Amino acid sequence: MLHIPCPHCGLRNETEFHYGAEAGVAYPEPNVLTDSEWAKYLHIRANPKGWLAERWVHFAGCGRWFNLWRNTITHEIGPAYLPFTTQPKKPDNIGQEGLKA
Amino acid sequence: MSEISFSFDDKIYKGHQGEPMVAALLRSGMLSITTSTYHGRPRAVVGLGVEEPNALVQLVSGTKESMLPATVIEVADGLAARSLTGVGALPELPEEARYDKTNRYVDTLVIGAGLAGLKAADEHLRAGREVLLIDDQPKPGGHLRHLGLELPASLRDVLAHKSLTYLCRCTAVGLYDQNYIVAIERRSDHLGNSAPANRARIRVWHIRADQVVLAPGAFQRPLIFSNNDRPGIMLSHAAATYVAVHGVQIFKRAVVATVDNQGYRDALRLHHAGVQVQAIYDARPVAEGSSVDAARATGIPIRFRATVLDTVSDAEGVCESVIIQDLDTNETFQITADLLAISGGWTPIVDLATHIGIKPKWSEAHAAFLVNHSTDRLRTHGMLAGDFGGDDNPSIFFGPELDEEQSRHAYIDLQRDTTLHDLRRAVGAGLNSIEHIKRYTTIGTAHDQGKTSGMLTIGALCQLNGVAQGGKPGLSPADVGTLSFRPPYIPVPFAALAGRERGPLSDPIRITSLHQWHVEAGAIFEDVGQWKRPWYFPKPGECMEDAVRRECVAARQGVAMMDASTLGKIEIQGTDAAVFLDRIYTNMFSTLPEGQCRYGLMCKTDGIVFDDGVTTLLGKNHFLMTTTTGGAARVLAWLEEWLQTEWPDLKVYCTSVTEHISTIALVGPKSRQLLQELVKDIDLSNATFPFMHSREAMIDDIPVRIARISFSGELAFEINVTWGYARHIWERLWAMGRPYDLTAYGTETMHVLRAEKGYIIVGQDTDGTQTPYDLNMSWIVSKKKEFIGKRSFQLPYLKAAGRLQLVGLLSDNGDEVIPEGAYTTELNAHPDEHGKTRHTGFVTSSYYSPALGRAFALALVADGLNRMGEVVAVPFGKKVLRATICDAVFIDKENIRRD
Amino acid sequence: MTNTHDTLSPGTIGRRRAATFPEQPPRLWKSVKPKKAYDAVIVGGGGHGLATAYYLAKNHGLTNIAVLEKGWLAGGNTARNTTIIRSNYLWDESAAIYEHSLKLWETLEEDLGYEMFFSQRGVLTLAHSVSDVRSKRRNLYANALNGIDSEWLTPAEVKKLVPIINISEDVRYPVHGATYQPRGGIAKHDWVAWGFAKAASDLGVDIIQGCEVTGFDIKNNKVQGVQTNLGSIAAGKVGMVGAGHSSLLANLAGFSIPIQSRPLQALVSPLLEQVLNTVVMSGAVHVYVSQAHKGELVMGAGTDAFNSYAQRGGFHVIEHQLAAALELFPIFSRAHVLRTWGGVVDVSPDASPIMGLTPVENLFLNCGWGTGGFKATPASGWVMAYTVAHGRPHELNQAFALDRFVTGHLIDEHGAAGVAH
Ligand SMILES: Cc1cc2nc3c(=O)[nH]c(=O)nc-3n(C[C@H](O)[C@H](O)[C@H](O)COP(=O)(O)OP(=O)(O)OC[C@H]3O[C@@H](n4cnc5c(N)ncnc54)[C@H](O)[C@@H]3O)c2cc1C
Ligand SMILES: [Zn+2]
């Protein structure tokens, strides 16, 4: 049960949110793309081990989409930010409370 | 403490209310309480609490739960239990106990109410923080309780602090990300017969803490030697506690084998309680400390560099004497003892910390894995952090060297009956990871999850590698690492975790405002997502088929009425609403005139049909979209996602109004006449109120919105009204409709009617692989604009020839309803050499049509639109039907009836 | 079901001893250090990687090969799965490969000379609504045409097969029927991997643990070998069989694949007297349960919503799982959750595997099995070995090529449930 900081509502339990995978994949101009470029937009999203900027929507709260840095190894939560705002820099790999000695 | 009686394996025992069951059993001389799971050897209690590997019982009273260690069962009047040999039983009797769950946010959660935990709680309270203190024992004090000591006054004050909540019998079972802790509180078992019936037996706590303090203490560990499983061999701390605190007097002569000073402390307690401690055998070369001095002072013989090698039993398999080995000379001798108390060092309870990935660190000085952790969010205290109290000095010793024969009886995991021999075999088989060894030997997989055996396994591995490399440990436990611990820390009943989410509460039930009417009318319901929808309305004596035929006939010939309120409804407003819908739907909505409705289809980016429904332009920049019943939430989420994350420049606002507006579909040639009787303010005639138009009107001073939408091809009106008025309108229609023989119908009839007209249900006539073209709906794909999914229609496979296309299907035998889901094949198709038969498509919807007087079906058939009139085979079960491909519209292709 | 405990009286009646396992062989596999070069290396020593190596050696005579595993052998999803085996998949392409797998399972113990407790106790897949019944029946008809054993059971027949199941109408989502595949079942996951490892090792395959691939040597778009924490290893051909870590491997080789890594959890109870002799799955209410050979209940839970490599998931997923299980099996209420754990599953867009060639020559890919690849272990190894040996896909994995995401020819096996074991 992650504790996710909704930029509008504050910290809430994960079950109030839905996941939206990698953040910042803009809808491309479809008609100028080759099939494989279009397929990439359709199906490929980042899946790194470590920090991932990803999308969440607070569906059972304010209903707003936002982006979040989260570490896929430690589940540490980094800064949240609104769509179309500057992405905060990738957090240092300090590890979550559990792992930071 | 009040005297109570309880039963164990049919015999009645006396005990003190609240004491551990094993204590009462031991006091009465009941030592061997079970036989081991695989080897059938007699076994007795070894430990003090949840680490107990042997003494598993099943309750025969109360909940009849099984696989409980008798060390943690508090005796109460009426308690009855039976012994188990490692296999539990599930009673079939219905569970009557209640279980509940609660959530708590706290500043500080302290896990463990021993000295370390209480001190930590005190500090946090002084810092002005609110503290939740949980402990799995019935009373606070941790080790103090085992020593029979009272809490110091200062710590009693801590417990009385107004900002402290203390939960006893509450075990933290899992530590999760961001300081989320799950704890299990046992609330009534200890009360036996006097437990209030309405009290939740177990409460599951979901705790989110700003700071977590882990002070769970440690388990004492045994040693590996031959025949180390005999009744009478116990952890020294447990033995001393049962004897000194619980008045167990069955042991006369004890031998203590130790690797640390704890053995001395326990020897002293045994000695003072009247047990003759014949000697302390200490694996270390020397020992210092106050406890050693005190033991010396009592005259207990102490021998260094000596340990237990083997034991000898009486006829019952109970320990009778002990074989001691001098670790320098390897000489052995035998000494009688009915109690062999073992102190093999401490194993701090690292389990919770490892749940979130903390790696315990091996400490040579403590001969233990520790978690010494101190961040703003998580701290460890007490033994877990290495605070062993200053008088311990353990050596890293897990047992003497054993030959092959001895190793066969040197148990590592008592519950699983796994021995040093098994472990050596695993290593011999080429395994060197502790995880492999665990899996090969099953060590650590029983109810206790290796609480005592885990560290022995690590020790034995180190020893083995030492042997291989000439006697000196070649591996340190630091190299081996710990077994992985996973939640829960102790076994938890399924029922506790299910809580109250059972039966009707297991998933929300959604009902419409007309639900009660349907119930009263005797409707049979079907589950559509979380909704309960009337499936059909049987009259007395009618079967489903009868009812559906009657309902269909009414809709096509008279007038019938359905509750369509579960349709998803989304209000879409804003200056860019039309632009937005143009992008969402495959067809155009910006051209829709006010007061008119249009059917729309939406695709995902991959070009696959995703939902459909009718959208109405209610007023300027104000649409009302309807979606499928199951798709409502998905579609709203879809719209919001695009608006918020791609097109924030669009001024559009979406609101779900599904449960604000009830929808009643009034269908049939007589629907206009009937409705006009109730609607006085507008003219319902086709000329003034054409198809796919929407009008505001009043029924009995209640504002309604009426739309000429038809999901059956019949003349039909959808009456939309505020949720709370729906029953009034429905009943008014019902009453007025009596002369028309107005008939209520359910989803089954709706399906027949819509399928007769070739209208699809997304999810039934599609399976997540259809484009609009496949559904013969090229007319709905706008060439003039961009919309979501359009690009994907250009992908090779989506425009390939031979795709499955929606067609009608008529079986040769009109009485035969083809099963839905059945496949079509070529007429003379046969299984190939692999037993496979090529198919050409499948039936999506199939019904008997009273209007057609025969069965009919919709199907997705390869290249179907180009194969009209062809005959296909439909094999299913042992049958093969012949059917002819035809247009998917069976009724009123000219759209005459709807007006 | 014989029931000695519904009238539990104090005493020792009904006490039963747990079943024992056959002894493990005295030697499993040889752990070795890597050589400088191999004809082929397989990255990932899970069940699929080991099976690939075994069939490369056995079917194609390639023995100068190595399996590189970054952790302990088969410690990934192979060691964490709930071992449901069945072949009654909907689409022809899936049915073909899973059925090939089931056929291999049926002789695997003999073939490998190694017992793995493959038990064809049948798999029951429940339907809970009118539409659920419709799609399950379609599945049934599809299976029939594919020559796969599959039967329809009414609720009463379900009850007969699984007496402890609750088929009453007062359940939130009552049982409307079920498909049943008698040849489905379970096996002991570790032993499956060990059996392949032993057999491969016996044929001369090098099994190298603690060897993490950290890069690929690629020249002229042709793979030359791999870089690892134990140094560079040259290889004429490389197979990537990294399950949840596959997208990372692809990235190291310079391309992207449509894989998201998600936690999938499971749990186990202590040993219990036998109450369940069949595997029961219910996608609609999320129950996947069997009672393993020794008597523990093994249950699969759902995936967590987010990407993760942590091999653990949220507890709410487990709680939800148990609530669902008790709806169907009230008798489980007093069973204990002994242990929960998570794996990292490789989820593809259409819930079907991705197997075959990659943009890099001589580099082959096998992943995307997600929540349901254990059952495919033998066949996956079989066709992957063929693909590596011949440099082109076997007919059974042709449809599962990476380029289906460009052509749009997806094989959508999502069915009713998000999790398809
Ligand atoms: C909880 C759970 C329940 C499941 N239940 C079922 C079920 O009931 N039925 C079913 O059919 N399937 C089930 N599955 C799915 C099944 O386990 C997987 O699909 C299958 O095991 C994948 O096999 P594998 O051998 O490829 O994966 P793995 O066993 O994960 O093997 C991949 C290996 O690659 C290694 N690796 C990765 N990267 C590198 C690198 N860079 N260098 C070296 N090595 C590397 C990993 O360490 C790992 O050992 C379940 C999965 C989980 C997690
Ligand atoms: Zn919010």
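Which residue of S2(C) does C:Val41 stand opposite? The model is predicted, and in it C:Val41 stands opposite C:Ala66 in S2(C).

## Strand S1 of chain C and its partners

Strand S1 of chain C covers residues 37-43. S1(C) is mostly covered, with five of its seven residues buried. Strand S2 of chain C, residues 65-68, pairs with S1(C) in the parallel sense. Four bridges join these two strands. The C:Val41 and C:Ala66 positions face each other in this pairing.

S1(C) also pairs with strand S9 of chain C, residues 231-240. This pairing is parallel too and runs over six bridges. Here C:Ala37 stands opposite C:Ala234 of S9(C).

## The zinc site in chain A

Which residues coordinate the zinc ion (ligand 2)? They are A:Cys6 through SG, A:Cys9 through SG, A:His58 through ND1 and A:Cys62 through SG. The distances are 2.0 to 2.3 Å. The angles among the four donor atoms are 102 to 118°. The site is tetrahedral.

Along the chain, the donors follow the spacing C-x2-C-x48-H-x3-C. A:Cys6 lies in strand S1 of chain A (residues 3-6), and A:His58 lies in the loop between strand S4 (51-57) and strand S5 (65-71) of chain A, so the pair ties together parts that are 52 residues apart in sequence. A:Cys6 and A:His58 are both buried.

## Domains of chain B

The domain assignment of chain B gives domain 1 (3-83), domain 2 (99-215) and domain 3 (401-486), among others. It also gives domain 4 (545-566 + 662-766), domain 5 (571-656) and domain 6 (801-899). Domain 4 is written as two segments, 545-566 and 662-766. How far apart do the C-alpha centres of domain 3 and domain 5 of chain B lie? They lie 64 Å apart.

B:Arg82 lies in strand S7 of chain B, residues 80-83. Is B:Arg82 buried or exposed? Its relative accessible area is 1%, so B:Arg82 is buried. B:Arg82 and B:Glu150 are 68 residues apart in sequence. In space, their C-alpha atoms are 33 Å apart.

## Helix H11 of chain B

Helix H11 of chain B spans residues 434-441. H11(B) is mostly covered, and eight of its eight residues are buried. The buried residues include B:Glu435, B:His436, B:Lys438 and B:Arg439. B:Ile434, B:Ile437, B:Tyr440 and B:Thr441 are buried as well.

Which residue has a side-chain oxygen that reaches the backbone nitrogen of B:Glu435 at the start of H11(B)? The oxygen belongs to B:Ser433, and it comes to within 3.0 Å of that nitrogen. B:Thr442 follows H11(B). The phi of B:Thr442 is positive, near 70°.

## A mixed sheet in chain B

Six strands of chain B form an open sheet. Their order is S39-S40-S41-S38-S32-S42, and the pairing is mixed. S39 and strand S42 (743-744) of chain B stand at the edges with a single partner strand each, so one side of each is left without a neighbour in the sheet.

Strand S32 of chain B (residues 560-563) and strand S38 of chain B (residues 661-667) pair in the antiparallel sense. The pairing has four bridges. B:Met561 has B:Leu666 in S38(B) as its bridge partner.

## Backbone details in the loops

The peptide bond from B:Pro487 to B:Pro488 is cis, with omega near -5°. B:Pro488 sits in the loop between helix H13 (477-480) and strand S29 (492-493) of chain B.

B:Asp700 is not a glycine, yet its phi is positive, near 50°. B:Asp700 lies in the loop between strand S39 (694-699) and strand S40 (702-707) of chain B. Its relative accessibility is 31%, so B:Asp700 counts as partly exposed. C:Gln311 has a positive phi of about 55° and is not a glycine. The loop between strand S13 (296-303) and helix H7 (315-328) of chain C holds C:Gln311. C:Gln311 is partly exposed, with a relative accessible area of 25%.

Note on methods:
Residues numbered from 1 in each chain as written. Chains lettered and ligands numbered in written order. Predicted model: local features only at pLDDT ≥ 70, side-chain atom pairs only at ≥ 80, totals over all residues. Heavy atoms only, no water. Buried < 20%, exposed > 50% of the residue type's maximum accessible area, 1.4 Å probe, protein only. Pairing = 2+ DSSP bridges. Donors = N, O, S within 2.8 Å, 3.2 Å for Na, K, Ca; no water. Tetrahedral: all angles 85-135°; square planar, octahedral: opposite > 155°, others 65-115°. Domains from an automatic or database assignment. Polar contact = N/O pair within 3.5 Å; in protein donor to acceptor, adjacent residues only side chain to side chain.
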